[in-house]
Amino acid sequence: MSIIKLSIDGIEVEGQKGQTILEVARQNGINIPTLCYDSRIQPYGGCGLCVVEIEGSPKLFRACATEIADNMVIYTNTSRIRSSRKTTLELLLTDHTGDCRPPCVLACPAQTDCQGYVGLIANGEFKEALKLIKEQLPLPASIGRVCPHPCEEECRRQLKDEPISIAWLKRFVADIDLDDPYIPPMQPETFKKVAIVGGGPGGLSAAYFLLLKGHQVTIYDMMPEMGGMLKYGIPEYRLPKMIVDQEVAIIKKMGACLQNNKKLGRDFSLQSLQEEYDAIYLSIGCWNSIDLGIPGENLNRVYGGIHFLANVIQNKPVPIGKRVAVIGGGNTAMDACRTAKRLGAEEVYVLYRRTRAEMPAEEIEIVECEEEGIQFRFLVSPLEVAGSSGNVESIRLQKMELGKPDSSGRRRPVPIEGEEETLEIDSLIVAIGQYVNIEGLDGIELTKRSTIASDENTFSTNIPGIFAGGDAINDNQKIAIQAIADGKIASQVIHGYLLGVDVAYTKPYLVTRDDVHEDEFSHRPKEYRPPMDLLRPEDREDNFLEIVKGYTTEEAIKDAKRCLECGCPDYFECQLIQYSKDYQVNPDDFMGEKHHRDLLDTHPFISRNPDKCILCSLCVRICNDVMGITALGLVDRGFDTTVQPDMSRPLEDTDCISCGQCISVCPTGALQEKLLITKPCPMKTTKTEQICSHCSIGCNTIVETRGNMALRVLPDTESSVDNGLLCVRGRFGYNIHRDEMRLTAPLVRFQDELKEVSWDEAIFYAAKKLESIRFRYGSDRIAMSISDQWSLEDMYVAQKLGQTVLGTPWITNFNTNKSSLDSVFGFDGSLNTLNEVPNTNCILLIGSYTYRDHTIAALKIKNAVEKGATLITINPCATKMDEYAMMKVNPTNSITFLKEIAAAMVNMGCEPKNVQGWDDVLPELKSIEPGKEAIEIAQIYVKAKKAMIVFDQNQLSREGIQWTAYLALISGHIGKPRDGIIQLKPQNNSQSLPILGINEDYQTILQKLQDDMIHALVVLGENPMKTTVMSKPKLLIVMDTHLTETALRADVVLPSCAPMEICGTYISTDRIIQSFPSVLPKGIPYDNWIILQQLSVVLKGPIRFHCLEEIAEEISEKILGYQNTLTVGSDDCSSQNTPVLCTHQYNFEDGMARMSSVKDALLFIQKDSTIYSTQKMNEFLVEHGLVRY
Amino acid sequence: MKIIIGQGSCGIAAGADKVTVAIQKELESRNHPLEIELAGCCGTCYLEPIVDVVSDNGQKTTFVSVKPEHIAEILDFAIHQKQPKDAVIMGDNDQASLDKQVRIALRNAGVLNPEKIEDYLANDGYKAIQKCLQEMTPQDVIEDVKISGLRGRGGAGFPTWFKWQAANQQKATPKYIVCNGDEGDPGAFMDRSILEGDPHSVIEGMMIGGYAIGANEGIIYVRAEYPLAIKRLEIALKQAREKGILGKNIFGTGFDFDIWIKAGAGAFVCGEETALIASLEGQRGMPRLKPPFPAQKGYWGKPTNINNVETFANIPWILLSGGSAFAALGTEKSKGTKVFALAGKIQRGGLIEIPMGLTLREVIYDIGGGIQDNKAFKAVQMGGPSGGCIPASLLDTPIDYESITATGAIMGSGGMIVMDETTCMVDMARFFLDFTCKESCGKCVQCRVGTKRMLEILERITNGEGKDGDIELLEDLCQKVKDGSLCALGGTAPNPVLTTLQYFRDEYEAHIYEHRCPAHNCKKLLTYTIKEDLCVGCGACAKKCPSDAISGEPKKVHSIHQELCIKCGTCKTVCTFNAIEAL
C-alpha cells in the first residue's frame, strides 16, 4: 500500500491509497460532522454535512466519498463550510416534527428535567430522580413546596385530565433525600474566591453551582439565617423552616462560608468585597414594601407585608388585634392574611381594587383563603387610614368599578364618584408590592425602576467582576425558580470569568410542536392525579402546621406513570440536535410545510417515527447491505420521500429479524427501541461493556443502565467478535420477562406449599435433606445439573460442590445435546474460530437455522459468500441461509446422506490421515452408491482450497455430529487456518461444560430419574421441566432467577443472580475466553457461588473461596491449557493460545483421531432450550411472529 | 407514387390516425391501389398532420394541417394532378425554415418508414457499422469520433470519444453500452422523435459504440411514457436480428452484439447516469457518488458507457462521412449540428437541427418565425429545468456550449422555451422549480428540502406575500443547493432562479415591494376591473363569481367590489366581451 501525504487543516497527515478524507481525518483526531456515514456501509453522501474544501477547487467535496490524493490541502472548517453545514442542518430542522424537550422542561426557568425525574419516579428510581433534579436545582424540597410550577401550566396531560403533579413529585423525592442528602461530585479546588450577597434561593443556587466547580464561596446575608424569602417571606404552613434549614445545611456542608446579619452598605461595602474576592454575585432580592401613599400610613399597626411575615417568622411581637385588613391581591397578601388568621385575628379582610378574576395570587392560595374564612372586599381602594392615640382604627375606602383594559390586559379599576365606605380595623397590612433596597450599590448602574441593570445573557453589571441576578435586577419580582435559574446561569458565566473566558448564555434551538391536540391522547384513559392529603381547614385555624402532607410512595409512582412522555426519547443521543447546537442554527427563515405522518407503530421492539427521519438512509442500508435483510426502503420522491417497511407493511410482517441495527445507526429519534422498563423517558445512562448471555457466539454488548434499570443493550462497535452487530436476543433479550416478579426470597415446601423462609433456613434445610439422601442411599443417588448460562466461576464452584461435597458422579446439563466430537477428536469443541469463516473458500452448513439461532455466525457466512466463498446448506427444511447458498439440500432425516458424501469422497480418492478405525468405516462406504447431490457436494467441498464445516450441536444427533466430523477428516479440511470445523453451541457458556468436564449425557439422568435411581436432583439455573418430560425425585432443589416450571415443583427453591448482576468469565463456542463486569445491582444479597459455598459449609465441605479471583486461579491451575489466561479482567484469548486446534495431532494419547462404524441413525434432532431467560425470549418471538428461519 | 403520413406522436396527437383511416377508406371506395407509407416527424410539429405525396419521379408535395375532409382533394391531386381547394400545401416560409437547417441526427426522421429496415438499409443503413467492423479497429473508431468533435447531446456536452476511450481502456468484462432515452426535460422531445422516426440510426450508433469500447450488450433505457418509441424500437430490433445485423458474428467479423430495452418509470433524475444504472439494476433511481465513474464501475459494477439518443443518432453519419465532415460544421469548440425543440410562444414550434454557432435571433426569428401574435420576445429558457433563461438583450448570442453557458443557461438536451411579454419570470422560475422539487430523488438534504423551501419562497412572492429579504434568502439557498447536491439535478435546479434573478431582478422586486406582477400574470397580484365601454351588463361574470364580488343591474355596467374579490380570474374567463381587465 502506498502512503499518501496530505494536509488537513494545516496538519501534515498520512493515509493509504483508497482511503477517504473522512477516514484519514478521523484517524488523526479531526472530527468532520456527518449524519449518514457508517464505516461498515458504502458511503452515501446524502446528508452533505461532511463537506470540505480542497485547495485549488471551487467546489465543496464530500469528505465521506472523496479519496485522498498526494499533496491534497484540505480545509474542514472554513466559514463557507460552516455556513453550508449550518444551512443543511437548518433545512433538516424545518421538516423535523417533534419535541426535543418536553413542554414542562421548556417552561421551567431553571430547565429542570421534569420528564426525566417524573419518569425515574414512575420506575421507582427515587434516588436517581433526586440526582437528576440536583443537576439543575439545589433546593428541591423547598421549591417542590412553593414553586408556582410553570411546568404544570404547560403539561399536556391537562388536555386529557389534569397536569402531572410535577412539583409534588419533586418534593416527594427531595424529602426522602433530606435524611441522607446527596451531593453531586465536586470539581477540584480552584482557589478562586467568590462573594455572594444575599442568601436567598438565587444566592444559594449560585453558591451551590460555584462550589461544584471548585470555587470558594462566601454568602453574606442581612438576616440571622440563610434562605431569604424562602425563610422569611413564606409562612411556615406552606414551607416549614426546618426544610429550608436542612437544604441550606447541605450547601454549608459543601463548603460555603455563611455570613449572617451582614448587610450591604451597613456592615460591608462592595469595595471591601472587591478587594477580597475574585468575583461578586449580587442576589439581594427585593425587600422593601411599597407604601400606599395615603394619609395615616404612619400610624401604629400599619405593616408592610413582607416585614409582617418576616417578623412573625422570627417570633418578634407583632400586635394585630381582632380585625385585620390586608391590602393587595398577590401571594404576599394571601400569605399575610392567612398568617394574621393564624395569629388569632377574628376578622381578616382582603381589600383589593379589582375583582377575584384579576387577582395575581395563585388560585389555590385564594381557595385556601376562602376555606379559612378570609373575607374578600373587591373593588375598593384605600383613601385614608384613620386612628387615635397613634393606633389604626379604621380605613376609608373608595368603591371602584372596572373600566377598559390597561397595558397588563386586565380591566382598569376606576373610582365610582361619591361612593365610599369605612371599615373598622385594628391593624393594616400593606402588600401591594416590593422594591429593591439600593443601599450600598455604589457605582452600580441602575435601571429606571431603581433595580440593578444586569445583562440578560451574562448577568454582568457595569462593573467587571460584579454580577447580579434574581429579584433585584431589571424587571424585578420574579418567582423563586427564576432566581435559581439566574443564579445557575450566572454561576456558569462567573466560572468562565474566573478562568478568563467569556461565556454568554445563548438559548439553544430546540424543535418544538405547537400543533398538539387532545385527540393525540385519545388512546389513553382519563386518570386524574391521586388526591393529595391536605390538612383540613378546621384543623389549620390556630396553627402553622404544613397543609400539604405529601404523596406516599404508591401515590407518587401512580401519578408519575400518568406522564405522556412528550420529550424526544433520543434527546441525549440525537446527533442532529448536537450538531445543531454546535452550529448555532436558527431555521426560522426557512420554515415552511412540515410533514406530520400517521404512524403504524406495532413492532414489539422497534418504534418508528418518520416525522423525525432525516432520510440519511443508514437504516435502509445497514438492513440491506450488512444484515442481508431488506425490511426497509425509500418510498416516494423529493420532499415527500420517506422510509417505509417493505411493501408498506407493518415492520414485523416484513423479513425484519428485529436485530435493531437500524436503531443503532439512526442519528435521530426516528427509530427507537421500545424500552423494557415501566415508564420510558429520555435520560443519560451509564454504559458498561458486557457479554451477551444467549447463544454461544459471545457477542460484546454495551449495556446502558440507570440506577437499578437496564435501559438498553447496544452493540459494541469496537468488537471483533461480532463486528458491532447483534441479533434480536442480544439486543432485546435482556429483560423480556420484566413483568414477572424476580425471585428474591428462598422457598421451602411445607405440606405441598412453597413458603418463604430465610436464607439460613433454606440452605440448612437443603443441606440436611441432601445429607439424609446421601446417608440413606449413597452419593450416586444424587444428581446435579448446572446451567451453561452461568459464569465459568459459578459453574466451577457448583461442580466442586457436586463432586467433592455431595460426591455425585452424575453432573450434567439439560440444555446441551451430547456432542460426539470428543469421541472423534478427543475434544468437544470447535477446532477453528468463527473469524476464520469469512476468509474460507467453501462452507458446508449442516443442521443449523443460523439466522435464527446464531445470527452473527450467519453474517460471517454471508460475508464469506460475498467475498466469493461457496456455501452449501444441508438442513431439514428451507432456511434464510439458502439465499446465499450455491447448493441447498433438504435430505431425508438419516445420517446416510452424510455417508453418501463420504463415499463420494472415497471415490474421489480421499483418505483420512492420522486416524484409527478407518478400516471399520471404509468397507461400509465402499458399499454405498452416492447420489447425484452427494457427489456434487463432495466435489465442491473436497476441491475447495480452504473449506469449513459449520453445524449446530443442538440440531444434529450424536451420530450426525460424528459423521460430520468424519467428512472433515476424510477430506483433509481440518487442523489448518480457515480449514476446519465449527460447532455452534446453544448458550453463552456452553463451551465451559466440556472444559470443566461436565459431560454426563442428560438423557442418562432422565432415564435414571424414570427408573427411580436418582433420589435427589439439584438443578442450578435450568428449567428442564418446561420442555422435557421428567420424573420428580424425592428431593428436588432448584436455584433460579424466577419461579420456573421446575422451581414450582421443587422442595427447596433458592433465588439466583441474573446474568447482568454477576461478573466472571464466559467461553464462546469458538473458545474465546471473555470476562465481563456486573452492570446491575444484584437482585439478591449473595453471588451464586457464595450461596453454593454456604451449602458446602453446612455440609462441612472444603469450598472456601474469598473472592472470584481465587476461583479463577484454581480453575487455571486445574485445567490444562488455561493457565494464566483465566484471570478476571483478562482480555480475549483462545485456549492454549491458538485459534486452530488439532494442527498436528488429535487429543488422544496416540495423537490419532478415532473413527468407528455407526448403524443408521437420525441426522437431525430438535432440542429446546432449558434456560429460563432464553425460553422466555423464544416464546416472545414466537408469540409475536418474529421468528425468522 | 406513394403517400407518406407523418405518424410520430405529434402527428398522431394532431389526428394522423383519422387521416390515415380516411385515406384508406377513400382509396377503397375509389378502388385505387396506392402505396401508403408511414414516417416519423420531420420536425414541423406545428403543421401536423402532414401528408406527403411523392410522385414516381420522386417529387414531393407536402400537405399540412390535413383534416379527413381534405383527403379527397389530396387524392385528386395525387392521382389526377388536380390542384386542391381547401387542402393546404406547405408554404414557402415553412419550407424555407426547413431549408435553413442541416440535418444529421434528424436525417431520416420524417423521411423513412421507421418500421421498415429495408428503408433504412436503402439509405446507407448499417453501412457505417459494417465499415467499422471490416475496416477499422476500435481505436480507429474512437479516433474518428474524436476528430468529429462530437460532444454528448444529453446536456453536459462531455466529449463522446473521451468516454469511449475511458470505457475502452477498462480491463474488466463484460462491458455495457447504454442508450439514455430517459428524456425528462419538459419541452424537449428530440429523443422521442428520433426513436420514433429513425430507431435504426440509434441501434447502429450503439453497435459502433459497443464495438469501440468492447461491449457485446447494449441496453436502451426509454421512459415508459414513450410507448410508440418502444414499439418502433422493438420492431427495429426484431428486424435487425432477422437480418443478422444483431446477434452473433455480425457481418462475419466475429463481433457479437445485441440490445434489449428497459422501460423506465419516468423519473427525471434517471437521466443522471448513476441513477439510470441503479434503475437498470432494479433499484430505486438515485444517483450514487462518483467516482467510481460508470466507465469504471457501472451496470452491475462493470464498465459501462452511457450516451444519449441524439449522440448515437449522429454516430453512423460521422463514421460514414468521416469525422472531419462533422467537424466542418459548427464552431471551433462546438462541432456539428444540434437538434432543438422549439416550444412556447413561438410561431413554428417543433424540432429543428442547425449547425452550432447560429445565433438565438436566427433560430427564433428566421427559423422559428418569431413570436406568436406579434408579441414582444422576452426570454428563452434553454436546458429545461436545469438551464436558465436568456433575455432579449442577449438574442445575438451564438448557440454553442461555451456561449450559452456564459449566459447562465446551459445547452442541455436542446429544449428552447420561448417566452413573450406576458410571461412572468418569477412564475416561470417557480414553474421549473416545482418540477425539479418534485423530481428530486430525496437523497441530498439541500436538494430535497432546499428546493422545497425555495419553491415556497417563490410561491409566496407570486402570491403577493413576498417579504423583504426573500431575494437574498433565495440567493443564499441557490448557492447552498448548488454546493450541497450530489448530482446535476440539484446542482442545476437553482439555475432558472439564478438567471431570472440576474436578468429580471426588477420583476421580483415589483412583486415583493410593489405588490404587482409586471407581466400581469400572477393572479393574486392583479386587480380586476370592468371596462365600462365594453361591458354590456350580461351578468355572466356576476353569476360565476364565487365570492359575490360583482354587482350591477341587468343591461347596465357592472362593477367589482375589490374588498370581496379573491382574484380567481373566473370573471375574466367567462366574459365574452373582453370587458374585464386584469392589471
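Predicted model: local features only at pLDDT ≥ 70, side-chain atom pairs only at ≥ 80, totals over all residues.
A residue counts as buried when its relative accessible area is under 20%.

**A lysine in chain B**

B:Lys338 sits in strand E11 of chain B, which covers residues 337-344. Is B:Lys338 buried or exposed? Its relative accessibility is 0%, so B:Lys338 counts as buried. Where does its side chain reach? It comes to 2.9 Å from the backbone oxygen of B:Ser413. B:Ser413 is also among the residues that B:Lys338 touches, leaving aside those up to four places away in sequence.

**A sheet in chain A**

Now turn to chain A. Here five strands make an open sheet, and their pairing is parallel. The order is E34-E33-E32-E36-E37. Strands E34 and E37 stand at the edges with a single partner strand each, so one side of each has no neighbour in the sheet. From one strand to the next, the twist averages 15°.

Helix H27 of chain A packs on this sheet. It touches E32, E33, E36 and E37 of chain A. The direction of H27 makes about 145° with that of E32(A).

How many bridges join E32 to E33 in chain A? Five do, and the two strands run parallel. In one of the pairings, A:Leu844 has A:Ile872 in E33(A) as its bridge partner.

| Element | Residues |
|---|---|
| Strand E32 (chain A) | residues 842-846 |
| Strand E33 (chain A) | residues 870-874 |
| Strand E34 (chain A) | residues 887-889 |
| Strand E36 (chain A) | residues 947-952 |
| Strand E37 (chain A) | residues 980-984 |
| Helix H27 (chain A) | residues 855-866 |

Methods: Residues numbered from 1 in each chain as written. Chains lettered and ligands numbered in written order. Heavy atoms only, no water. Helix = DSSP H or I, 4+ residues; strand = E, 2+ residues; numbered from the N terminus. Buried < 20%, exposed > 50% of the residue type's maximum accessible area, 1.4 Å probe, protein only. Polar contact = N/O pair within 3.5 Å; in protein donor to acceptor, adjacent residues only side chain to side chain. Contact = heavy atoms within 4.5 Å. Pairing = 2+ DSSP bridges. Axes fitted to C-alpha atoms, helices over the stretch in contact; angles between N-to-C directions.
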